[in-house]
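Reader: I am new to this structure and would like to learn how to read it. Could you walk me through it, one feature at a time?

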Amino acid sequence: MLRVLMFLVPLALSVYAFIDCISTKDEDIRHIPKPLWAILVLLFPLVGSISWLIAGKKRHPAGGAVGSAWSRGGGRQQWVAPDDNPDFLKSLDDDKDKDDKPGDGDRGGPA
């Protein structure tokens with residue numbers, strides 16, 4: 001089992017790094033051009049893959065855009081919980097108001 005893992009883990013890492021390399025936009029690649037990164041990953045599977053993951057790609061923080069309703073802080077990205085998001089809370093109030101108004105099929109009050 002250990003022999004199989006010693007073969008499969010580097011293979012999976014190389015496949016992942018190669019696919020990540022060829023699917024990355026050209027403007028997000030650092031240090032050397034994309035074709036050279038792909039060749040490096042293919043010729044030197046372990047070293048090339050680790051190099052690609054560490055130094056080859058610009059990393060972008062996950063989440064919404066800076067300044068959106070889902071983030072706060074001066075240029076730093078942080079998640080805002082839904083109960084702290086004023087837009088989300090307003091949408092809940094709007095939904096509640098819509099449900100409280102009697103409609104065509106309602107008889108005018110809570111059951």
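Author: Gladly! In helix 2 (34-43), the buried residues are W37, A38 and V41. They cover an arc of only 100° around the axis, which puts them on the same side of helix 2. Here buried means under 20% relative accessible area, exposed means over 50%, and partly exposed is in between (1.4 Å probe, protein chains only). The arc is that of the directions from the helix axis to the C-beta atoms.

Reader: What should I know about the model and its numbering before going on?

Author: This is a predicted model, in which local features need pLDDT of at least 70 and side-chain atom pairs count only at pLDDT 80 or more, while totals for chains, interfaces and linings use all residues. Residues are numbered from 1 along each chain as its sequence is written, and side-chain values use heavy atoms, with hydrogens and water left out.

Reader: Why can buried residues of a helix line up on one side?

Author: An α-helix has 3.6 residues a turn, so residues three or four places apart point the same way. On the face of helix 2 turned away from its buried side, P35 and L43 are exposed. The buried residues of helix 2 pack against helix 1 and helix 3.

Reader: How many helices and strands are there in the protein?

Author: The protein has four helices and zero strands, and along the sequence its pattern is α-α-α-α. Helices (H or I, at least four residues) and strands (E, at least two) are DSSP runs, numbered from the N terminus.

Reader: How do I check the length of a helix?

Reader: Which residues are buried in helix 1, and which are exposed on its other side?

Author: S14, A17, D20 and C21 are the buried residues of helix 1. They cover an arc of only 135° around the axis, which puts them on the same side of helix 1. F7, Y16 and S23 are exposed on the other side of helix 1. The cover over the buried residues of helix 1 includes helix 2 and helix 3.

Reader: Which residues are buried in helix 3?

Author: In helix 3 (45-56), the buried residues are G48, S49, W52 and G56. Seen down the axis, they fall within an arc of 100°, so they line one face of helix 3. V47 and I54 are exposed on the other side, while the buried residues pack against helix 1 and helix 2.

Reader: What does I29 touch?

Author: Contact means heavy atoms within 4.5 Å. Leaving aside neighbours within four places in sequence, I29 is in contact with C21, T24, K34, W37, W52 and G56.

Reader: Is T24 buried or exposed?

Author: T24 is buried, with a relative accessible area of 5%. T24 sits in the loop between helix 1 (2-23) and helix 2. Not counting residues up to four places away in sequence, T24 touches I29, K34, W52 and K57.

Reader: What is there to notice about the backbone at H31?

Author: Most residues other than glycine have a negative phi, and most peptide bonds are trans. H31 has a positive phi of about 75° although it is not a glycine. H31 lies in the loop between helix 1 and helix 2 and is exposed, with a relative accessible area of 66%.

Reader: Where is P82?

Author: P82 is in the loop between helix 3 and helix 4 (86-100). P82 is partly exposed, with a relative accessible area of 41%, and touches F88 and L89, not counting residues up to four places away in sequence.
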